[in-house]
Amino acid sequence: MKGWKSLIWAALALAIGVPIALAATSEQLAWRGPIYILAGFAGIIALGLVLVQPLLIGGYLPGLSAYRNRRAHHWIGGALAAAVVIHVAGLWFTSPPDMIDALTFSSPTPFSPFGVIAMWAIFAVALLAALRRRLGLRLRAWRLIHIPLAIIIVACSVIHCLLIEGTMETISKAVLCALVLAATIKVVADLGRKRMVRSESIAPQ
């Protein structure tokens, strides 16, 4: 059992670490400035964090209690928002006109609108999570808001990443994106199944 736990954590580390390591060997980095490189790697890290989030909330990572899963999900959500800020700020610093085009959905590049939609969805979730207690959002209401936004984040982030021909190596990028989609589909399906079982258990006989 302990060996399987270690294997799961090692697989997660490889899924995130290999794309980052291969991107670091890209020949395109020779033509980029340090701020642009920082922005690019912040985007890659953000995609890796998007993979971790459903694994945490679904309880699929061994050795963590339900409480630790929730706390880690909360803090990694904050780290994800911070990575996106670094990604966008770095690209803005290196090329403000391109970022204005992207943010106004007038960029000719096909990947830009998906990145912007994912960004705003991430910021929306982060803001709602910070204000959840003040807004008095109960768990059911929170999930009704959070799950659709999470699906938007995942779908748009994956499309955004796949459409970019940049420093990321093709196969490792595709594998990471596939894992993000698979983990999200799994947790959404499991949550839906649990909700149905709960509804049936409390339904009048």
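I looked up Ala-102 to begin with: at 7% relative accessibility it counts as buried (buried is under 20% relative accessible area, exposed over 50%, partly exposed in between, with a 1.4 Å probe and protein chains only). The model is predicted, so I note that local features need pLDDT of at least 70 and side-chain atom pairs count only at pLDDT 80 or more, while totals for chains, interfaces and linings use all residues. Residues are numbered from 1 along each chain as its sequence is written, and side-chain values use heavy atoms, with hydrogens and water left out.

I find Ala-102 in helix 4; helices are DSSP runs of H or I with at least four residues, strands are runs of E with at least two, and both are numbered from the N terminus. Not counting residues up to four places away in sequence, Ala-102 touches Ser-107, Ser-112 and Val-116 (contact means heavy atoms within 4.5 Å). I also noted 8.5 Å between the C-alpha atoms of Ala-102 and Gly-115, which are 13 residues apart along the chain.

In the loop between helix 4 and helix 5 I looked at Phe-105. Its phi is positive, about 60 degrees, although Phe-105 is not a glycine. At 49% relative accessibility, Phe-105 counts as partly exposed.

**Helix pairs**

Axes are lines fitted to C-alpha atoms, for helices over the stretch in contact, and angles run from 0 to 180 degrees between N-to-C directions. I use roughly parallel for angles under 35 degrees, roughly antiparallel for over 145, roughly perpendicular for 65 to 115 and oblique for the rest. A crossing is left-handed if the near helix is turned anticlockwise from the far one by less than a right angle, and right-handed if clockwise.

Helix 2 (residues 34-57) packs on helix 3 (residues 66-94) at about 160 degrees, with the axes 8 Å apart. The two are therefore roughly antiparallel.

For helix 3 and helix 5 I read an angle of about 140 degrees and axes 10 Å apart. That makes helix 3 oblique to helix 5. The crossing is left-handed. Helix 3 contributes Leu-80, Ala-81, Val-84, Val-85 and Val-88, and helix 5 contributes Met-119, Ile-122, Phe-123 and Ala-126. By class I have nine nonpolar, no polar and no charged residues there.

The axes of helix 5 and helix 6 come within 8 Å and cross at roughly 155 degrees. Helix 5 and helix 6 are therefore roughly antiparallel. Their contact divides into 18 nonpolar, five polar and one charged.

Which residues have the most contacts inside the largest nonpolar core? I list Leu-12, Leu-51, Leu-80, Val-84 and Val-180, in a core of 42 residues; such a core is a set of buried Ala, Val, Leu, Ile, Met, Phe, Trp, Tyr and Cys residues joined through side-chain atoms within 4.5 Å. Helix 2 gives the largest share of this core, eleven residues. Leaving aside neighbours within four places in sequence, Leu-12 is in contact with Leu-51, Val-52, Leu-55 and Leu-61.

Last, I looked up Thr-184 in helix 7. Thr-184 is buried, with a relative accessible area of 10%. Neighbours within four places in sequence aside, Thr-184 contacts Pro-54 and Val-154.

Key. Nonpolar A, V, L, I, M, F, W, Y, C, P; charged D, E, K, R; others polar.
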